[in-house]
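Open the model in your viewer and follow the stops below. Each one says what to select and what is there.

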Amino acid sequence: SAASSDPLIDGLNPPQREAVLTTEGPVLMLAGAGTGKTAALTTRLAHLVRARLAWPSEILCVTFTNRAAREMRERVGHMVGPAVEVMPWLGTFHSIAAKMLRRHAELVGLQSNYTIIDTDDQLRLLKQLIQAEGLDEKRWPARQLAGCIDRWKNRGLNPADLDAGENEAYANGKGQKFYQLYQDRLKALNACDFGDLLLHMLNILRQDREVLEQYRQRFKYVMVDEYQDTNQVQYLWLRLLAQGRQNICVVGDDDQSIYSWRGAEVANILRFEKDFPGTKVIRLEQNYRSTPQILAAASGLISENSERLGKTLWTERHPGDPVRVIGVWDGPEEARRIGEEIERLEREGATLAQMAILVRAQYQTREFEDRFIQIGLNYRIVGGFRFYERAEIRDALGYLRVIAQSADDLAFERIYNTPKRGLGSKALEKLHVHARRRGIPLAAAAIEIADSDELPARARNTFLALMRDFARWRDTSSTVSPADLLRTVMDESGYTDALQAEKTAEAAGRLENLAELARAMEEYDTLGDFLEHVSLVMDNEAADETEKVTIMTMHAAKGLEFEHVFLPGWEEGVFPSQRAIDEGGLASLEEERRLAYVAITRARRRCTIIHAANRRIYGQWTSSIPSRFVAELPADHVVQETTMSGGASLWRAQWSEHGDPFADVARAQPSRTMTRGPGWQRAAAQEYSPAPKRIVETTRSAASFAAKPRRDVGTG
Ligand code: ATP
Ligand code: MG
């Protein structure tokens, strides 16, 4: 046919070609990792434009991240030239919805110049509402309410749509009331939050036939990548837009659904064929990305999941190396080892840009950042802040800097009212005036001002108390280790308490980061040494053109590929996460396993999994157990390396002898007790790590950071 002589399409395999050329009617492309789904979708976009089936502005194309949109724009650009620059409707759900909402804001009571508020603003607003209604914010934290509201919005629910059960989800039946109050308040501020972008647009399309028709006319074609991670509100929105012409093409992989915690529903794949009758389902089975060994390892692992649509994958690539599983002694060795491997690959001709380290949780990046600084290896952290730039870390460093150097005004400004002490911007202003007049630093001014009548008594007392704290901490700093000092300061300043009171996943993550900061500090004898190290790390941002190793979370790596992938921290409690284990349900563990599948399938040539036998917490060694996912990898496609006796094979033996030990433990002890498991498990862990200096049975969790008793530091 004419199409097959088109170089654009020639490079594709037959099912891909079918997906590109089936331009009319609903198409569902369901296929495993690396089978060229995104490539086919990109070509389809180019084909629609080149064949003049639509103007670029008449195609709605949804990607999962802004970066993915940028990449697709680039790739299509290569195929069709500058026409792609006028693709206003290529982007994420949020960016597209925001653009639409600007045009119709008045329909939901907003003006077109509405502001989009961030999470901080959202929380502040909710707190105000909670206080205004006389509710105890300690008991019913704003974060909990924010979580509920996000969930409702992800499901396309307006306040009036909540059922009794949902209403109960906050403050004994006040969910609906607060949701409504919040929406009213936003409207009065001419603002909306992230979740509103889609919900408002959905409401508009539902209520206003004219607007709906206008968009149905406009969008001749609708396309969606990473469809398995769409949530309810996104699905409903898509369905409304596409149901007119029915020209909708979605691509996805049920095994890569990793965002259910943000409301994504795999069920949307199953719904699709029902809502769009006559859907052409296209399956791609040839994987072009990974070697057979990597593919087999990933497929073997994911086959442990029970809830799957199932699929076949094959590849013509050279077999390649088996997946390597390396057992190391501890966290620092893990970072050292990966650093060595990276340098070895570089000597063999690989470039840093072809390598990635994918972690389960943000806090894991710290160990690598520190190591890579030390050996001068360029790295970049994608999709998150570099460790020392995160808010809670900067706060902690702010305290430490004021202790080390009381003239550090920037640091002082950062923390004088963090956590909240009721010192507003007025107080700071007064402080500045006084400091300038007397030519002294803010911290010194705070002491003087506490003796004057320039401030209301309460503010003076607060400043006085804070400066007393600082004086004490400064004394302490000469007698205790920097890490202990940090713990004292975080506890006594109320910072830890404030985070704990939030009781959210995000706050738990921040506590984990602080625990990780303390761990990093264990290696320094003086506070000065440590702060110097940090300023060097912070300054390391190399010019952007240089080649860098990518460090990112597995979640952020979705859709990407690298020649060489390193997967550290494959230990129970890190990956699968402690949270997933605690929840104990099949669903959360299967989601973790899908995440493992995503992680392994990012690798083109080599995949290296690492687990450490020990992690240091509070300067004490905690033994860890290799992830169950290590045992689930098909043995034929894996080589195990370890410097320690026993190693993963011991674990494997224990596993098969006892079945899944975690099922029992999780049922019997639903709280964070995994590392205090049954006797055999303890034995396995100890044998695995033959001679650690001090094995203590603590849990590796944020809770333990916070639970550290105050008295044992600083006072002795
Ligand atoms: P994921 O599920 O991880 O998002 P995917 O299905 O979207 O993967 P792509 O990223 O589109 O897969 O493609 C994987 C790799 O295979 C890319 O490097 C791409 O260039 C290559 N590829 C895709 N189709 C073909 C083809 N027909 N011939 C050769 N290489 C191809
Ligand atoms: Mg893809």
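Start in the loop between α8 (164-167) and α9 (175-188), and select asparagine 172, which lies there. This is a predicted model. Asparagine 172 has a phi near 50°, a positive value in a residue other than glycine. Most residues other than glycine have a negative phi. Is asparagine 172 buried or exposed? Asparagine 172 counts as exposed because it has 9 C-beta neighbours inside 10 Å, and the cut-off for exposed is 12 or fewer.

Next, select glutamine 246. Look for it in the loop between α12 (232-242) and β7 (248-252). Glutamine 246 is partly exposed, because 14 other C-beta atoms lie within 10 Å.

Now for two helices. Select α5 (residues 93-104) and α10 (residues 194-207). Their axes come within 9 Å and cross at roughly 55°. That angle makes α5 oblique to α10. The crossing of α5 past α10 is left-handed. Show the side chains at the contact: α5 brings Phe93, His94, Ala97, Ala98, Met100, Leu101 and His104. From α10 come Phe194, Leu197, Leu198, His200, Met201 and Ile204. Colour the contact residues by type: 10 are nonpolar, three are polar and none is charged.

Finish with two prolines. Most peptide bonds are trans. Select proline 419, in the loop between α18 (409-415) and α19 (425-438). The peptide bond from threonine 418 to proline 419 is cis, with omega near 0°. Then move to proline 576, in the loop between β13 (562-567) and α26 (578-583). The bond leading from phenylalanine 575 to proline 576 is cis, with omega near 0°.

Key:
Residues numbered from 1 in each chain as written. Chains lettered and ligands numbered in written order. Predicted model: local features only at pLDDT ≥ 70, side-chain atom pairs only at ≥ 80, totals over all residues. Axes fitted to C-alpha atoms, helices over the stretch in contact; angles between N-to-C directions. Helix = DSSP H or I, 4+ residues; strand = E, 2+ residues; numbered from the N terminus. Parallel < 35°, antiparallel > 145°, perpendicular 65-115°, else oblique. Left-handed = near helix turned anticlockwise from the far one by under 90°. Contact = placed C-beta atoms within 7 Å. Nonpolar A, V, L, I, M, F, W, Y, C, P; charged D, E, K, R; others polar. Buried ≥ 20, exposed ≤ 12 C-beta atoms within 10 Å, placed from the backbone.
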